[in-house]
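Here is my note on the model you sent. Please keep the viewer open while reading.

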Amino acid sequence: MVGHRALRRPPGLLLLTPFCLLHLGASGQPDEEAASIQGVRGSSVELACGSQPAPLVVFWSFAPLGSLIPRPVAVINGVESKVEAGASALGTVSLRNSSLVLGELREGARGHFLCQALHEAGGQLRTTYSHFSLTVLVPVSKPQVRLSEPSPVEGTFVVATCAVREGTEPVIFAWQHQAPRGPGETLVGVTERLFQLDPVNRMHLGWYMCSAHNAVNRLSSDEAFLDVVYGPDDPVVTVEPPHVTEEGFWASEKEEVTLSCLAASNPPSHYVWLRDHTQVHTGPTYTITSTSRAHTGLYTCLAHNSRLDARTQTTIQLTIYYPPEGQPSCAVLPTFGAVTLVCTWPGGLPAAQLQWKGPQGTGPAALSNVTWSHAATQLANSSVFTCTGQHPALALLALCRITLWEPLRRPTCRTMATTGDQFIMLSCEWPGGEPPALLSWLDGQQQPLGSSSPSLAVHVLQAQEDLAGRDFICRGTHPLRVPDPHCRLQLEAPQLAVAEPWVSVLEGGEAWLACALLGGMPPAQLLWLGPQHLPVEPGPSGFMLHHEGTQLRLGIQAADPAHHGGTYHCVAHNTLGSSSQSIQLEVLRYPAPPNVTISSLTYGRHRREVQMQWAIRGPGNLTGFLVQRRASVPGPGAGAWETAAGDIEPESRTRRLGGLDPGVLYAFRVLALNHHTTGHPSEVKIPADPPFSAYPAVLGAAGTGMVVATVASLLVFQYAARHPETFPCLGQLLAPMEQSHPHRDSMEGPEAQAGIETPFTIPGSEPAQESMDVPVNVTITVTAMP
């Protein structure tokens, strides 16, 4: 080695001299010490040379294992020190006083070290020897796990090796295994560098780690994964929600169902779902969001290991349950002396479980239909029975209730005739009750007529006259009613009665004729016949019909003697006979009103209206007047009379009538009224023209002229004041005297040119005086309108 060759080089001068001296002085008895020291490679070791006082000279030497020849390492004499260059094979060598320090210790330092020290004691030189046996320990290197087969197939074998590059013996090994899911575990009893898994199985899958340690250190390896290939096992199928039947699994209709498939396999399996041998899904989980009845069938999960190309499968039966439609139906059947409770709820898969429960406990149970018979004597009114229905597809119970109660009151009998009065129908009704009451018809000898029926019983008889006076009984039976109630009816012909056989009314008034039905079974039909023996119908003829129970009232509005007076017949008829009653209606007229004469009839303005006045003559009541007019044409071709004014108050004696045509000659007459009675018409008169009067017209024209003249005069004076040259005469009156002459000369020309007539003047008078004395001429025109 390099270090050994360095130690074999010739020692230096400093080392050689003490070495000789030590050997020369070795004749005496030296002091010797021996020790064994361990060091770790890479660390430091200090070798102390004796425990004496500081020596004069210290010499260190080294002899490797198996060699007896010491080699110098270092020397120190208190003044200077020297380390042999070849000592680097031992590590980093240095001296600390007399101690030898070995840093970064190497394996070449394994051997024997000798320290020779020269001391002075009592004037004599003394030599001491210290022997050291140094052992260099090597730490173990980081182990490494090596697998003979990283991915073995289940059933083969695997050898695991924990490889360590170096380390001082003895080296001890330990193994750990950690599964993919779960805590790590130490393999107890495995302390060798190698261990074998034979045969390997899926439980050996996971990470493996080994550790190695010696007297120096302990190190662990990195994890190595053992990937055991296996499977697939037979798939395990689970269903959510987990509803299990003898055949397989079930789910409710419209429910979300999840089918999960798991087959142990490495690598993981690929899954395929089949329904009735048809592929429906790929993957481990198959979800049906809303199940229906069509989803019932066989579901197969296929698992495939692609590494081993192996396949397994599992098949299950899935049945979709659905409840019956609606709710259970409860009914009770009427029977003599007992009640029969029936509860039905058909349909569904599977059939619903039904059970009765009553006041005295639980009753029978059955699927889809359950019947319970109960004695009526043990039941009280308002007894409640409940039928509960259970179905796997329903979270809650379905139920129906029925309460037993007897009908109110008693049966009601009535009868009616069919169309054409050929048959008589006997009807008996007793509504309500649970169960419904049974009704049956009996004749007068208590013999049944037909069969019984619930709530309503009808029996039809052929109409015959010998049925009059016969009795018929309807008997009702109910389990909660004792004794049995009944109703009775007797067939008879109808009978009538009228309140008054004679009724009188004033013309235009309102009369009522009343007719009452006193008896009759079946119920009779009532009608009124008029004086002409025809049925009376309500309408524009003034008749009204009003039914009040068994009465039929006939009303006559606006009674008219010609149309409404006479004998009226009230007729009642049923299948067993008829009956009739008559009432005489007399319509009286009002007394005649007094006579009327026209006292004045004159045209108004423009002959478009007339003013009429009249007076009455003689006694009598009146309620108004009527004015008529017509176009007055001489000869037989006179026009028809038409109403000019109606609804005139009886106190009025005058009327203004308008709307006349000036080109037509009219004739007028007046009639007095007493309600609907009209008096004799007055004499016929033609309107006369009003007398002429010009006085108002003259006064109106004069006033108008004066107003116009005054306004014109004021306008002339105003103009003359502003323009004196135009009217010199007026200018002289309105202008100052000193300015009148110049203006007059200048005004004469224009005045003559304008053609204004100069007023006549009297000689010798002043101009101003002449203008004030001129007379005024006024012309008044009067026009008289016809």
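1. Basis. This is a predicted model: local features need pLDDT of at least 70, side-chain atom pairs count only at pLDDT 80 or more, and totals for chains, interfaces and linings use all residues. Numbering starts from 1 along each chain as its sequence is written, and side-chain values use heavy atoms, without hydrogens and water.

2. Chain. There are 7 helices and 54 strands. Both are DSSP runs numbered from the N terminus: helices are H or I with at least four residues, strands are E with at least two. Of the 786 residues, 37% count as buried (under 20% relative accessible area, 1.4 Å probe, protein chains only).

3. Contacts. A contact means heavy atoms within 4.5 Å. Among those between residues at least 6 apart in sequence, 61% join residues at least 24 apart.

4. Asn-266. This residue sits in the loop between strand S20 (257-262) and strand S21 (270-275). Is Asn-266 buried or exposed? Buried, because its relative accessible area is 13%. Leaving out residues up to four places away in sequence, Asn-266 touches Leu-205, Asp-227, Val-228, Val-229, Tyr-230 and Asn-305.

5. Sheet. An open sheet of 3 strands runs in the order S26-S27-S30, with antiparallel pairing. Strand S26 (329-335) and strand S30 (369-375) are at the edges; each has a single partner strand, so one side of each lacks a neighbour in the sheet. Pairing requires at least two DSSP bridges between two strands.

6. Pairing detail. S26 and strand S27 (residues 338-344) pair in the antiparallel sense over 7 bridges. Cys-330 has Cys-343 in S27 as its bridge partner.

Note on methods. Buried < 20%, exposed > 50% of the residue type's maximum accessible area, 1.4 Å probe, protein only.
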